[in-house]
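Subject: Structure handover

Hello,

Here is the structure I said I would pass on.

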Amino acid sequence: MTGPAAGADPTPALGGPAAPAADPLAVLPPRYGAASLADLMPGVLAALGVPGSADPLGLADRLAGVRRIAVLLVDGLGWYQLPLAAAHAPTLGELARAGRWLTSGFPSTTPTSLVSLGTGAPPGAHGVLGFRVRVPGTDRVLCHVDWRDDPDPRGWQPLPTVWARAAAAGVAVTVASRPEYAGSGLTEAANAGGRYAPVTGPAALAETMLAALGAGTGPTLVYGYHPELDQCGHRYGVDSADWRSAAAGLEEALARLVDGLPPDAALLVTADHGQLNVPAQGRFDLDADPRLRAGLRLVAGEPRVRYLHVRPGAVEDVRATWAGVLGDAARVLDRAEAVAAGWFGPVPAAHLERIGDLVVVCRGTSVVVHPSVSPAEAWLVGFHGSLTAAEMAIPLLVAGAQGVVPAG
């Protein structure tokens, strides 16, 4: 398989609502303020009675009477991957019948999405604007998944988290995720304010989330992060044997969570992005093509969305070169054009230089790899980050103690 979900519209198999586009490779811009990942947690807070919480998804009405909410984020489980995963996760398939789709933010990448979920804000506002970004005023590129305490997370990401807001309002908040992520810069930026519960594996994740849901008597919010599906998609491809095994592991967690929900609880399942497989002929190698290196000061971003920081006076030359080499495989914009497109949401001046002088947005199933900086990019199969529906469309699935609750 070389495309996302073999290029098929998944909705007939699941019996759910219409897909966002018949072609998974069609462009799907983020829907901030209407139906995006950034809109989810404010609605959850509204349902739990936290004052001042917006609710564009209408969750407060749909979760009326619920006092305990669990949110499970499945890394890499895009809307177009649901039918493939549901073949190995029947609980997921059942939930998907009454689900709806949202959009990721842009870029459709894990660090950006986790912070949008955790702050309830688009990427421009929170400033985690990609997998790798330039630290303004330096030649340093910050990789958000390797980030610890430099720069200080409290300054780099300036917004309060939804977890901190909920805890201040008297909600018991637990964040369940891998032990190696505890205390990282990304965790502090996305999840500060909740009690951190380290867990390893789907079964332990479900048990920890259920224990936290049942621990108190007041309003409760529990967040769990499931990374295995994305990891297998990157390494082996969407719908590979290993990916299917990860989907079966997800079923283990979901079935336990749905069966174990307390009577006044609901489970919301979502994702940070989708994923697609990229064939060998869709790969451009920055290290191997000297034309792509000419005029560059440094390169950030990731294979599906590259941020190019160029030498003084070289912007138009670099833009023309990249557009000529990549052709229809990518769109090349300058920073102002990318910001004006609204993909990041409003971007304050303090965050602008984290975006490249040029932004290269890959189309279809193409990537620009940079093995000298990230050797793994040369052998990965699955990718995400760009604006295709396969990457941008994510599920919102809701279950209550008495079964599936329509998500709207």
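The notes below go through helix packing, cysteines, backbone geometry and a few single residues. Please keep in mind that this is a predicted model.

Helix packing around H13

Helix H13 covers residues 241-260, and helix H11 covers residues 202-213. The axes of these two helices lie 8 Å apart, at an angle of about 20°. The angle falls under the 35 degrees limit, so H11 counts as roughly parallel to H13. The crossing of H11 past H13 is right-handed. On the H11 side the contact is formed by Pro202, Ala203, Ala206, Glu207, Met209 and Leu210. Their counterparts in H13 are Gly249, Glu252, Ala253, Arg256, Leu257 and Gly260. Sorted by class, this contact between H11 and H13 holds seven nonpolar residues, two polar ones and three charged ones.

H13 also packs against helix H12, with the two axes coming within 8 Å and crossing at roughly 175°. That angle is over the limit of 145, and H12 and H13 are therefore roughly antiparallel. From H12, the residues in contact are Glu228, Leu229, Cys232, Gly233 and Tyr236. H13 contributes Asp242, Trp243, Ala246 and Ala247. By class, the contact of H12 with H13 comprises six nonpolar residues, one polar residue and two charged residues.

The loop between H12 (228-236) and H13 contains Asp239. Its phi is near 75°, which is a positive value in a residue other than glycine. Asp239 counts as buried, because its relative accessibility is 18% and the cut-off for buried is under 20%.

Cysteines

How many disulfides does the count come to? The count is zero. A pair has to have its sulfur atoms within 2.5 Å to qualify. For Cys143, the closest cysteine sulfur belongs to Cys362 and is 18 Å away, which is too far for a bond. Starting from Cys362, the closest cysteine sulfur is that of Cys143, again at 18 Å and too far for a bond. Cys143 is buried at 12% relative accessibility, and Cys362 is buried with a relative accessible area of 3%.

Phe106 and Pro107 are joined by a cis peptide bond, with omega about -5°. Pro107 sits in the loop between strand S2 (100-103) and helix H6 (110-119). Asp150 and Pro151 are also joined by a cis peptide bond, where omega is about 0°. Pro151 belongs to the loop between strand S4 (141-143) and helix H8 (153-156).

Helix H2 is mostly covered, with seven of its eight residues buried. The buried residues in H2 are Leu40, Met41, Pro42, Gly43, Val44, Leu45 and Ala47. Just after H2, Gly49 has a positive phi of about 85°.

Single residues

Ser113 lies in helix H6. Is Ser113 buried or exposed? At 1% relative accessibility, Ser113 is buried. Leaving out residues up to four places away in sequence, Ser113 touches Leu37, Ser104, Gly105 and Asp272. From Ser113 to Ala19 the C-alpha distance is 21 Å, for a separation of 94 residues in sequence.

Thr200 lies in the loop between strand S6 (195-198) and H11. With 49% relative accessibility, Thr200 counts as partly exposed. Apart from neighbours within four places in sequence, Thr200 is in contact with Arg178 and Pro179. Thr200 and Ala86 are 114 residues apart in sequence, and their C-alpha atoms are 23 Å apart in space.

Ala18 is found in the loop between helix H1 (11-14) and helix H2 (40-47). A relative accessible area of 57% makes Ala18 exposed. The C-alpha atoms of Ala18 and Pro375 are separated by 39 Å, and these residues are 357 apart along the chain.

Regards

Methods. Residues numbered from 1 in each chain as written. Predicted model: local features only at pLDDT ≥ 70, side-chain atom pairs only at ≥ 80, totals over all residues. Heavy atoms only, no water. Axes fitted to C-alpha atoms, helices over the stretch in contact; angles between N-to-C directions. Helix = DSSP H or I, 4+ residues; strand = E, 2+ residues; numbered from the N terminus. Parallel < 35°, antiparallel > 145°, perpendicular 65-115°, else oblique. Left-handed = near helix turned anticlockwise from the far one by under 90°. Contact = heavy atoms within 4.5 Å. Nonpolar A, V, L, I, M, F, W, Y, C, P; charged D, E, K, R; others polar. Buried < 20%, exposed > 50% of the residue type's maximum accessible area, 1.4 Å probe, protein only.
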